[in-house]
Structure formats: C-alpha cells, structure tokens
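Subject: The structure we talked about

Hello,

I am handing over the structure below, so please open it and keep it in view while you read the notes that follow.

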Amino acid sequence: MTAFTIAIVGAGPRGTGVLERLLAREPAADIHVIDPFPPGAGRIWRGSQPPLLWMNSVAADVTMFTDDTTVVDGPIRTGPTLAEWVLDHVDTLRADPELSDELERFTPGSFASRTLQSRYLGWVFERAIAGSRAHVHVHRARATDLSADGVVTLDDGSTIHADVVLLAQGHPDALASQRETELADFANAHGLTYIGPGYTADLDPSPVPASAPVLVAGLGLAFIDWMVLLAESRGGTFARSENGTLVYTPSGREPVLYAGSRRGVPYHAKLSYDIATARPPLPKYFTADAFPGDGPLHFRDEIWPLASKELAWAHYFELFAAHPERTTGSWADFETGLAEIEWESEELGRFVEQFVPKDDDRIDLARIDKPFAGVRFESLEDVRTHLDEYIETDLRRRADPHYSSDAAVFSALLSVYMTLGELLRHGRIPAHSVATDVEGWLHSFFSFVASGPPPERLEQLLALSRAGVVHFLGPDITFTAEDASFVARSAAHDVVVHAATFIDARLPVASIATAGDELLRTLHARGEITDIRATEQSAAKVAVDGHSRLITASGEIAGNRYAVGPWVAGHTWSSAFPRPRTNAGFFRHNDQLAAELLGHRNDREAHLESR
C-alpha cells in the first residue's frame, strides 16, 4: 500500500505552523512541502531583506510553539519564543555579518529585524521535522496546477500525487488592478513615476527622486517601511539631542514626502510596557454562546454592539482594578450598570460619567477610530502641528502604564477575534459580512489600534516631520491623476498638492482571479475555487467552509482541498505570529486543520479496503 500523502503548498509561517501540528501527532505519512523560498520563513519573511526593515512585535511576544495555555486536541510541544531562541543562539548568530550590529543591542524587548526572524523560522521548521515518523519532502519550486484527484504540478515539471492538499501560500501578489494600470499608463504617458502596492522588500525605491515632492497614499506599516527606505537608507542619520529629542540630519538624497490617508494619522505605536498585568478575564460578554441559534448574524446590529461592549468592559475593568483613584463608586455597581443599561444609549453615557469623572479615562471607540473627524485645518503647517502633537501624545501614552486600559483593550481585541473565529466556523457570519465588516472595517480598526509600528519608528517620523522630509496631508485624502501630474486633496483643508511621483504605500488588494500566484489563477479560471468580495474595489478572497475546505464556483465543497492564510476569507484575524501564553487562535486553527488533513487517512484506508 502506498503511503498516505499530504501536500502543503507554502512553507512560510502558516504552512510551517500546520506542519508542526501534523508532526506533533506523529503520523506515518509522506508530507510534501512546496515553496520556492526558504522553508520556515517563506517569501515574506525571507532573510534577503534590508536589515532596517523590522518586525512590529517585540521578540518576547513572538512564538511558534504551543504552551500550557494552548487548548488543542493534539499534543503540546513547547519551544522558545523568538527572544529566548536568539539569546540561546547568540554566539552562533553573531557570526552572520548581517546580524552582528543588531545582536549587540538585542534584548527581549527589541523589535527584531525581519532578517533575524527568518533565522528563527528556519530553525522552527528544521526542529519540527527532526526525528519525525513522517517523511517530509521539501520542494524548492512553485506549484502551478492541482488536479481534482490531488496531482500537484510543479514548475520544474515534476508532479506529486497527494491524498489531501493544503494551500498556504501566505501573501500572494496580485496583478495590477484597473486603477493601478491606469495610473501606471498615465505616469508613462507624462514622464511621471508611479509605484503601486507591494511588499516593501520586493519594491525598488531607486526611481523615487531626491529633493522632489512625492505623494504617498497610506500611513500604515507599508508607509513606515517606505519612510525608512527613503530616508535612513539614503544616508540620513538619527541622533539624540541633549534634551533627548530625536533629530534627523538629512543626507540631501531624500525626497519630500506628502503623506495622507483616510484617518490622516499613523497607526498607534506598539505598547512599550508589559501587558500581562492588564489582561482582564476574557471573554466576558462576547462569546459564541451569546448568540443562540444557528442562523446568520448581522454584524452592525448584533455582532459589533456586543464586541464593542466587550472592549469597553475590558477598559473599565483595568481602570477600576489598577487605577481606582480615577474612579468613583464600586466596580460591582459599575459592572452591573454596564451590563443592564442599553449599550451606547445616552443613559449609559451619563452613568459612565458618574463613575469615571475624567473624559480622558473614558473609552470612545468612534473617536479612537477617527481622531480628526470633523476637524478643519487652515494649512499644511496647521496639519503638521496637530499631527506632531497627536504622535507625541500617542508615544507618551503607549509607554505609560498610567494608561494600562489601552493594554486591556488590546487583549479584548484579541479575544473578540477568537470569538469571531468560532462564529465563522459555525457558519454564523455571512460571506459578504466577512468581506465587508470583518476583513474590511474591523481588521482596519484592529491594525490601527493594535498592530502599529515600534515606538522608535514614530519618533523617527516626528524627526522627519520636524526636518521637513515628511509633510502630513491630513484625513480623508483623495489622490488623482490630472493635468500631467498626480494630485492630493483633503476634505479637511483647501490645500492641493501636485507631484510627479506617487507611491501607493499599501499591500496589494487580494484578488484570486488576478493573483500573482499561477496556481490560484488556474484553479479560479476552472471554477475549482471561488472568491468573495464586498465591493468591486475591496479584496476578493478564497471562499472556504467552516472546516477550511475550498468551495467551488458551483457551491460544492472540495473534500480533499483546504486553504488557510490571509488571502482566505475569514482567516485574516488568525495572525502570523501568536503571543506566548495566550491560547492563541493560530495554534487552535492549525491543530484543527491538522486533524482534518489526517482524517483523510481513514477515508483512504476505508476506500482501499472496499475495493
């Protein structure tokens, strides 16, 4: 009898995570892992990136291993966090010239370079396969086709006959959208420069001219990467003044960046203190059991009110527990009122004011989401004044446990995502709502609040603003191509900025029909996978059922084909790198997938016995 065979397309963190859960169960199987990039790191986390590109989580908060908080059916196999692994291997790692400078200042609280993270991920992969009963075959190739009976075709001409296949390609590229094509054509016709969305390490910053104005759409993590590549990588330097302020000395090779976005502000800095003491007992209100029945739920009317109540409860729980001097009355009385009074009613607002006197101590999710909603600016200098003050306040707040309620809200957001995952697996969130509400609005909100850059990056942004290298355009920005130039306008002021260079500082919008990945495009063209999108402009992601099985264009379930990752509808909230000791959804989802994949072994044996 031939061996039971599993094929995993994609050897980045997600594919590696599922592989680890498979091998933890010690299966007697052949497992083929397919990826042209180094296993463990994959393409996005490969080591060949500029060392100035960092992770946005501190090393102590990154792990690829289960621990005693992880609730899974498979075995628990503990292992080091990124920080622990680096400190255990520091002498060996110092031999790598790309890492030597970083390792001199490395601590568990460091934001590691993506180069250093790639080394950890490679080690995780090797450890997972060491001593396994399964035979793991690594193919440094691309999968280009997958037949209905499980034959995977590789770009080197070889084939793999698999009983079950998992697609885990991570963040695939997308071919240029119609808008991006039009902007590129406009640039070519008028001698301009347009750089479309992409993964920063894959993009070439050299066409961006020195000293000239450059429009930048976006103030998220992609913008931070661009900021580094167009300033520090061009020879500019940061240094502390006598009063501790970070100062940027230009090299003269920098462009002049004019950056704006929908919110008009950068993502919040990552918290600079330990959040362990600010983890309230969650979930409180927002659980799968809070939604009886089995029918579809409406996000805005049913899901978000309870989820936002969960965030508020966590905020006030921490405030009363850690900072009682800023509250009046008892927590028991406050909690009772929060539970009983209609959510978001005027009565609740008056009730909260009685117990929490200072406005700064009360949570306002709408204001957090759009901090400059309704504000008018007189000039770009006015915008800069407000934005510099906003960033300075954010940096102080994210470094001060006086505001530990922020850390509690972060924990609550993670808890909300865990419950959303359960609701998704039970089929309670309609596909359109997944695309529009969860992966559209909520994921944007989560990224803005909880997945921002290292604080040092925002300090650098302030320094670049003071040096005149970065100018803020404000909120509600539109970028257009007209009159032989690119143009930026804000609804919050009357200033119009023209430039000959425009950078779309964001990741590609997922589109399976136009994916850069040939396998995804091929399967979509044949109707063997289908995608979901909220609008013509929003991401189009692969549709799967609650077990992560592919759904075909005709609505059938592909019994032996699974998909997981950020390009799969409903999987955005299962992050690439879980925090240790949080019962992370990353491990629970991977473990469930491993059980699903191995379950096909029994089906195969039963089929063979019946022949």
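How much space lies in the largest cavity? Please bear in mind that the model is predicted; in this model the space in the largest cavity comes to about 30 Å³, and the count of cavities of 30 Å³ or more is one.

The lining of the largest cavity consists of His315, Leu319, Arg326, Asp360, Asp361, Arg397, His402, Tyr403 and Ser405, and when these residues are sorted by class, two are nonpolar, three are polar and four are charged. One of them, His315, belongs to helix 8, which covers residues 299–322. His315 counts as buried because its relative accessibility is 4%, where the cut-off for buried is under 20%. If we leave aside residues up to four places away in sequence, His315 touches Asp361, Arg362, Ile363, Ser405, Ala408 and Val409.

Next come the notes on a pocket. The second largest pocket holds about 840 Å³ of space, and 37 residues line it, with Ser57, Val58, Gly109, Ser110 and Phe111 lying nearest its centre. By class, the lining of this pocket has 16 nonpolar, seven polar and 14 charged residues. Helix 4 (100–104) and helix 15 (455–466) each give at least two residues to the lining, and helix 15 provides the largest share, which is four residues.

The buried residues of helix 5 include Arg114, Leu116, Tyr120, Leu121, Val124, Phe125 and Ala128, and just after the helix, Gly131 takes a positive phi of about 75°.

Finally, please look at two strands. Strand 15 (residues 485–490) and strand 16 pair in the antiparallel sense over four bridges, and they form a hairpin with five residues between them. Within this pairing, Arg489 stands opposite Val496 in strand 16. Strand 16, which covers residues 496–499, has Val497 and Ala499 on its covered face, whereas Val496 and His498 are on its uncovered face. In a regular strand, the side chains alternate between the two faces of the sheet.

With best wishes

Methods. Residues numbered from 1 in each chain as written. Predicted model: local features only at pLDDT ≥ 70, side-chain atom pairs only at ≥ 80, totals over all residues. Heavy atoms only, no water. Buried < 20%, exposed > 50% of the residue type's maximum accessible area, 1.4 Å probe, protein only. 1 Å grid on protein atoms, 1.4 Å probe; cavity = no way out; pocket = protein on both sides within 12 Å on 5 of 7 lines; lining within 4 Å. Points joined across faces, edges and corners; volume = space filled by probe spheres on them. Nonpolar A, V, L, I, M, F, W, Y, C, P; charged D, E, K, R; others polar. Contact = heavy atoms within 4.5 Å. Pairing = 2+ DSSP bridges.
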